[in-house]
Amino acid sequence: MKIRSEYTCPLELVHDMLKGKWKTIIIWRLRLEATSLSKLRKDINGITEKMLLQHLKDLIKYSLVEKKEYEGYPLKVEYSLTSRGKEVLSALEIFQKIGIEYMIEDGKEEELRKLCLLK
């Protein structure tokens with residue numbers, strides 16, 4: 001994803017950084033721990049490896065995620081949130097809260113319980 005050179009509002013820039021079906025989900029998953037590509041793919045239901053790699057590449061470019069490669073065999077790579085990624089996570093927590101409230105209003109408490117988001 002290419003960053004535009006002109007914006008009318010800083011929110012446009014952040015929107016461009018997070019635009020895409022999976023970027024916020026990847027950030028949300030990385031809040032738990034640094035993890036490998038294969039674990040991310042396993043944990044994010046429905047994402048393809050190609051899409052995961054593309055979104056990780058974008059998130060690394062925007063300094064929201066970092067990639068750490070370890071020497072040795074087998075090759076080990078971990079992805080984790082940067083300090084800027086953790087700031088974005090704070091905003092996503094607000095989105096999560098709003099989503100939970102909306103689902104409760106819409107009678108979706110059972111779905112939230114299945115996701116362990118409601119007791």
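At what angle do helix α2 (residues 23-30) and α4 pack, and how far apart are their axes? The close-up views below, taken from a predicted model, begin with this pair of helices.

**View 1. The packing of helix α2 against helix α4.** The two helices, α2 (residues 23-30) and α4, pack at an angle of about 75°, and their axes lie 10 Å apart. Because angles from 65 to 115 degrees count as roughly perpendicular, α2 and α4 are described as roughly perpendicular to each other. On the α2 side the residues that take part are Lys23, Ile26 and Ile27, and they meet Leu52, His55, Leu56, Asp58 and Leu59 of α4. Sorted by class, this contact of α2 with α4 has five nonpolar residues, one polar residue and two charged residues.

View 2. Histidine 55 has its place in helix α4, which covers residues 49-61. With a relative accessibility of 6%, histidine 55 counts as buried, because the cut-off for that word is under 20%. When neighbours within four places in sequence are left aside, histidine 55 is in contact with Lys19, Gly20, Lys21 and Trp22, and also with Lys23 and Ile26, two residues that belong to the α2 side of the contact shown in View 1.

**View 3. Isoleucine 27 in the largest nonpolar core.** The largest nonpolar core has 21 residues, of which Ile26, Ile27 and Leu64 touch the most other members. The elements that each give two or more residues to this core are α1 (10-18), α2, α4, β2 and α5 (83-105). Apart from neighbours within four places in sequence, isoleucine 27 is in contact with Leu18, Leu59, Leu64, Leu81, Gly85, Val88, Leu89 and Leu92. In soluble globular proteins, nonpolar side chains tend to be buried together.

**View 4. The hairpin of strands β1 and β2.** Strand β1 (residues 65-70) pairs with strand β2 (residues 76-81) in the antiparallel sense, and the pairing runs over six bridges. One of the positions to look for is glutamate 69, whose bridge partner in β2 is valine 77. Five residues lie between the strands of this hairpin, where glycine 72 takes a positive phi near 115°.

**View 5. Threonine 35 in a loop.** Threonine 35 is found in the loop between α2 and α3 (37-43), and its relative accessible area of 5% means that threonine 35 is buried.

Notes
Residues are numbered from 1 along each chain as its sequence is written. This is a predicted model: local features need pLDDT of at least 70, side-chain atom pairs count only at pLDDT 80 or more; totals for chains, interfaces and linings use all residues. Side-chain values use heavy atoms; hydrogens and water are left out. Helices (H or I, at least four residues) and strands (E, at least two) are DSSP runs, numbered from the N terminus. Buried means under 20% relative accessible area, exposed over 50%, partly exposed in between (1.4 Å probe, protein chains only). Contact means heavy atoms within 4.5 Å. Axes are lines fitted to C-alpha atoms, for helices over the stretch in contact, and angles run from 0 to 180 degrees between N-to-C directions. Angles under 35 degrees count as roughly parallel, over 145 as roughly antiparallel, 65 to 115 as roughly perpendicular and the rest as oblique. Ala, Val, Leu, Ile, Met, Phe, Trp, Tyr, Cys and Pro count as nonpolar, Asp, Glu, Lys and Arg as charged, and the others, Gly among them, as polar. Two strands pair if DSSP finds at least two bridges between them. A nonpolar core is a set of buried Ala, Val, Leu, Ile, Met, Phe, Trp, Tyr and Cys residues joined through side-chain atoms within 4.5 Å.
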